[in-house]
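Morning, everyone. I'll keep this brief and take it one residue at a time. Please have the model open.

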Amino acid sequence: MKNVLFVCSQNRLRSPTAEQVFSKRRDIEVASAGTNHDADTPLTNEMVAWADIIFVMEKAHRAKLQKKFKSSLKKARVICLDIPDDYEFMDPALVRLLEAKVPRYLG
């Protein structure tokens, strides 16, 4: 079983949508977090260490992740989805984008 972490800035729209969309899969464990200190679920060292794959929504998230959590980023593969902050929670267009981009990395 792979541990998959979805990361955006606030953990309010994109990453929680991704977590919900992929939570139905039986072959992975999913979680989501935000890089900002005031995120609904702020990213922690423990979350980063837990993850096998980390999907970030933007390059800025990858940069923050690599800078702030370098010591915990031992095993995780980090993938940038290039999804801008233009969507609401569970926006059908966002769901379609996630379903198009994510599964190829999950096997």
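Start at Asn 11. Buried or exposed? Asn 11 is buried, because its relative accessibility is 6% and the cut-off for buried is under 20%. Where does Asn 11 sit? Look in the loop between S1 and helix H1, which covers 14-22. Keep in mind that this is a predicted model.

Now the backbone. Asn 11 is not a glycine, yet its phi is positive, at about 60°. That deserves a word of background. Most residues other than glycine have a negative phi.

Find Met 90 in the loop between strand S4 (77-80) and helix H4 (92-101). How accessible is Met 90? Its relative accessibility is 29%, so Met 90 counts as partly exposed.

Next, the rings. How many aromatic pairs turn up in a search of the whole structure? The search finds 3. I'll walk through two of those 3.

Take Phe 6 with Phe 55. This pair is stacked. Centre to centre, the rings are 5.3 Å apart, and the angle between the planes is 15°. Why does this pair tie separate parts together? Phe 6 belongs to strand S1, residues 2-8, and Phe 55 to strand S3, residues 53-56, so the contact joins parts 49 residues apart in sequence. Both Phe 6 and Phe 55 are buried.

Stay on Phe 55. Its relative accessible area is 0%, which is why we call it buried. Phe 55 also pairs with Tyr 105. The centres of these two rings are 5.9 Å apart and the planes meet at 65°, so this pair is edge-to-face. The cut-off for that class is over 60 degrees. Again, distant parts of the chain are linked: Phe 55 in strand S3 and Tyr 105 in helix H5, residues 103-106, are 50 residues apart. Tyr 105 is partly exposed, because its relative accessible area is 24%.

Phe 6, Phe 22, Phe 55 and Tyr 105 make up one aromatic cluster.

Last, the annotation. An unreviewed UniProt entry marks residues 2-104 as "domain: Phosphotyrosine protein phosphatase I". In the model, that span is 36% helix and 21% strand. The C-alpha atoms at the ends of residues 2-104 lie 14 Å apart.

Key: Residues are numbered from 1 along each chain as its sequence is written. This is a predicted model: local features need pLDDT of at least 70, side-chain atom pairs count only at pLDDT 80 or more; totals for chains, interfaces and linings use all residues. Side-chain values use heavy atoms; hydrogens and water are left out. Rings of Phe, Tyr and Trp (its six-membered ring) pair if their centres lie within 6.5 Å; planes under 30 degrees apart count as stacked, over 60 as edge-to-face and the rest as tilted. Helices (H or I, at least four residues) and strands (E, at least two) are DSSP runs, numbered from the N terminus. Buried means under 20% relative accessible area, exposed over 50%, partly exposed in between (1.4 Å probe, protein chains only). UniProt positions are given in the numbering used here, feature names are shortened, and annotations may be inferred rather than shown by experiment.
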